[in-house]
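Here is a short report on one protein model. Look through the structure first, then read on.

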Amino acid sequence: MSSRPGAAWPLVAVFTAGYLASYLLPTIVGRLSAQLGLSPAQAGLVGSALLLSSACAGFALAGRVERYGARTPARVGLVLATIGYGWAALAGSVPLVVLGVVIGGFGSGTATAVAAAGIAARRDQHRTASLGLLAVSATAGVLYLTIPHFGGGHRLPFASVALVALLVWPVTARLGGATAVEGTTSQVTGRLPRRRSGLVLAGGMLIWSMAQNALWGVSSRIGAVQVGLSEVTVGAVFAAALGAGLLGVAGAGLLGARLGRAVPIGLGTVVIAGSIVLSSSARDLGSFATGEIVWNTFYPVVLSYLIGLAASLDIRGRWAVLAGSASSVGVACGPLLGSVLSTEAGYPAMGLILGAATLLVAAPVTAVALHTGGRPLVPGSVRRRGGAPVALLAATTGSLSGAVPKLGSPEQAVTELRVPALRRRRLARSAIRTAGPDGGSGQSNAYASTSDR
């Protein structure tokens, strides 16, 4: 993916440009409602259109980034984001804003798909995902401190996202032509591995993201309407919360895989559910700020482990892109869901519903992390029933030269190889040799093992 082995910053830059629009969603939705005369539900629907377009781009590119190469899709996505969000910033009517939002959202989704596929192809998947979340949190935090001090309605948030996409475009020259594993030229083919785990993870991330962004989409209105804060104060709270998120992601990056993925995902999701309830029921600055800061501290931490988990399921990045796109669908539905729930039931009841939904998905997603986190394999390896993985075929397939995984490492993907029955018999006859200097008759002490099915 990068111009030199180990260079993660091009992926981090593209990741930042792709994710930034969703991080700025509260101020985008709030300013659309205030400046264009839209109701909260209508403004949330515009935000949902942006994120749904982003999800469609991810589904369209799943498994295809490797075929096209990383550089071209990334450039197309950044150009679409620049044009679309720039158009939305200049437009003065709702239909034209929606058109720009859809184009820009598709560009954001394309950039995010390229970054997700690139992260899956790296050995340091969690570290790269953490760096990406650090970058986008820092960028969004600076904008939350800056935007409230200027007018311009919806124009300034959209213009900011378009400008970041434009600034990241030159970085795409550092992206490689394919998203294969670093240091290899082989193509990993075949059907999606770990389908059951991947589907459970994708469905869990959809609901998890929907609950998070239902609150995030209306957080500015909670602060302004229920707590009675000014836009500047709300922006300062969001900036502090995103700053706490930086510390959380930095800590997750340092922690790495020492605790595996199940503990951070499960425990972090429980804390997130509690902070959602606290933030949505806040009546004063202290409780509102506490809920937002705790929530934003743990949200990117759990998200970084979820991204790393999805990336580990398939070395080609297909599950990373598909799970990310499912998450984008949840993100897309979030603002509308939050607007409807807050209008019909009120903010405290909305928080209880979203907190309960977050807790419900914690169990299956944590189970996926437990099920897949301890079975590392490299491409071309053979798994023995009930035993540790052994890289018997890695040297002959050209998949990952010189790489044998350490036991307990969750960072390697699984690729199962099917051996036809006829070829098994031939291998059995040719591979098992008797002991002795001449390979002649005698008792054999060489053993062969085949993959269990």
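## A residue in helix H6

Thr110 sits in helix H6. Helices here are DSSP runs of H or I with at least four residues, numbered from the N terminus. Thr110 is buried, at a relative accessible area of 5%. Buried means under 20%, exposed over 50%, and partly exposed in between, with a 1.4 Å probe and protein chains only.

Leaving out residues up to four places away in sequence, Thr110 touches Ala57, Leu61, Pro73 and Gly77. Contact means heavy atoms within 4.5 Å.

## How the model is read

This is a predicted model, where local features need pLDDT of at least 70 and side-chain atom pairs pLDDT 80 or more, while totals for chains, interfaces and linings use all residues. Residues are numbered from 1 along each chain, and side-chain values use heavy atoms, without hydrogens or water.

## Where H1 meets H6

The axes of H1 (residues 9–23) and H6 (residues 94–120) come within 8 Å and cross at roughly 140 degrees. H1 is therefore oblique to H6. Axes are lines fitted to C-alpha atoms over the stretch in contact, and angles run from 0 to 180 degrees between N-to-C directions.

On the H1 side, the contact includes Leu11, Val14 and Phe15. On the H6 side, it includes Ser108, Ala111 and Thr112.

## Cysteines

How many disulfides does a search of the whole structure find? It finds zero. A disulfide is a pair of cysteine sulfur atoms within 2.5 Å. Cys56 is partly exposed, at 42% relative accessibility. Cys333 is partly exposed, at 34%.

Definitions and conventions
Helices (H or I, at least four residues) and strands (E, at least two) are DSSP runs, numbered from the N terminus. Angles under 35 degrees count as roughly parallel, over 145 as roughly antiparallel, 65 to 115 as roughly perpendicular and the rest as oblique.
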